[in-house]
Amino acid sequence: MDISIVIPLFNEEESLTELSEWIVRVVTQHQLNYEIIFVDDGSTDESWKIIEKLHQVNNNIKGIKFQRNYGKSAALNEGFRAAKGNVVITMDADMQDSPDEIPELYKMITEENFDIVSGWKKKRFDNTFTKNFPSKIFNAAARWSSGIYLHDFNCGLKAYKNKVVKSIEVYGEMHRYIPVIAKWSGFRKIGEKVVEHRARKYGKTKFGWERFINGFLDLATISFVSRFSKKPMHFFGLYGTLCFLIGLCMSLYLIIAKLTVTNFALTNRPAFYIALTVMIIGMQLFLTGFIAELIGRNAPERNSYLIENRLD
Ligand code: UDP
Ligand code: MG
């Protein structure tokens with residue numbers, strides 16, 4: 001199979017029929033063998049009924065239905081598990097992404113050999129203040145911390161080689177950082193394509209303003225986990241030791257001063273309290289690192305590596 005199109009959706013009944021017709025039109029025109037996987041993330045409207053109907057008419061259209069709403073990442077993850085095509089394309093169900101981009105994305109993966117191609121909504125049709133501006137800051141932070149130069153991390157329209165989606169796991173709200181996750185797994189050829197973005201035709205956005213706070217927290221987790229999850233002591237141990245040493249030097253100075261200088265008012269000095277606090281913080285950081293190492297030793301995936309090739 002050439003191509004799997006994974007579409008996470010949550011209460012998008014109005015667009016499904018129109019969207020799937022459009023996709024089918026585009027892929028048949030380009031003679032691509034395809035499947036469309038609708039992942040219904042616990043919709044409470046008629047979405048699933050519509051998917052069932054579409055499946056009856058065209059069995060290239062498949063569906064997965066969650067019992068409840070787990071979030072876009074979970075939906076993508078399930079879609080990825082099920083995808084059989086050599087190229088996997090994800091897109092939103094709200095018709096903000098145009099299926100006309102599919103052939104070009106497919107080509108970039110198969111001919112130009114990209115591992116991932118991410119859409120870039122260069123001209124956006126969303127609210128400037130609540131979305132476009134915060135998203136600029138967010139993307140700058142993501143670029144800076146991941147070293148991946150994408151303009152638009154959060155674009156729903158992306159294309160992947162099949163082995164990329166089979167090697168990564170997305171959960172929580174990590175769908176914004178799939179390129180970052182893929183990069184840790186060793187997929188480095190990450191490209192970008194300017195895509196057409198359209199205003200939301202039906203329904204309304206499923207993500208509110210919390211998206212930005214959650215987005216930044218996830219970014220912190222992700223960059224931290226990628227760097228230190230296999231060696232937490234290198235972070236906590238280093239800073240813990242540094243803090244402790246600074247505190248120790250200050251205390252030594254204070255002790256010597258107390259012993260040599262007459263009328264040295266030890267407890268009246270800010271340095272005294274700073275030295276104590278810094279030593280305690282240092283100790284805590286060190287112990288946190290130590291405990292994290294112990295947990296790491298027991299993690300079931302401590303020795304699971306992605307193997308690209310093997311000759312035997
Ligand atoms: N979505 C989902 N589960 C959720 C929230 C959203 O599957 O809990 C889907 C939604 O139906 C849409 C896509 O994720 O297909 C992007 O959502 P939305 O269009 O609301 O986000 P925005 O375009 O505002 O960033
Ligand atoms: Mg949308």
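This is a predicted model: local features need pLDDT of at least 70, side-chain atom pairs count only at pLDDT 80 or more; totals for chains, interfaces and linings use all residues.
Local features need pLDDT of at least 70 and side-chain atom pairs pLDDT 80 or more, while totals for chains, interfaces and linings use all residues. Residues are numbered from 1 along each chain as its sequence is written, and chains are lettered from A and ligands numbered from 1 in the order in which they are written.

The chain contains ten helices and seven strands (DSSP runs numbered from the N terminus, H or I of at least four residues for helices and E of at least two for strands). Its radius of gyration, taken over C-alpha atoms, is 25 Å, well over the 20 Å that the globule rule (2.2 Å times the number of residues to the power 0.38) gives for 312 residues, so the chain is more spread out than a compact globule. Along the principal axes, the C-alpha atoms fill a box of roughly 95 × 55 × 35 Å.

Domain 1 covers 3-228 and domain 2 covers 233-297, with bounds from an automatic or database domain assignment. Their centres, taken over C-alpha atoms, are 48 Å apart.

Around ligand 1 there are 17 residues (C-beta atom, placed from the backbone, within 6 Å), the closest being Pro-8, Phe-10, Ala-93, Thr-205 and Lys-206. Strand S1 (3-9) and helix H3 (72-82) are the elements that give two or more residues to this shell.

The axes of helix H5 (128-146) and helix H8 (210-228), lines fitted to C-alpha atoms over the stretch in contact, come within 11 Å and cross at roughly 0 degrees, on a scale from 0 to 180 degrees between N-to-C directions. H5 is therefore roughly parallel to H8 (angles under 35 degrees).

Technical notes
Angles under 35 degrees count as roughly parallel, over 145 as roughly antiparallel, 65 to 115 as roughly perpendicular and the rest as oblique.
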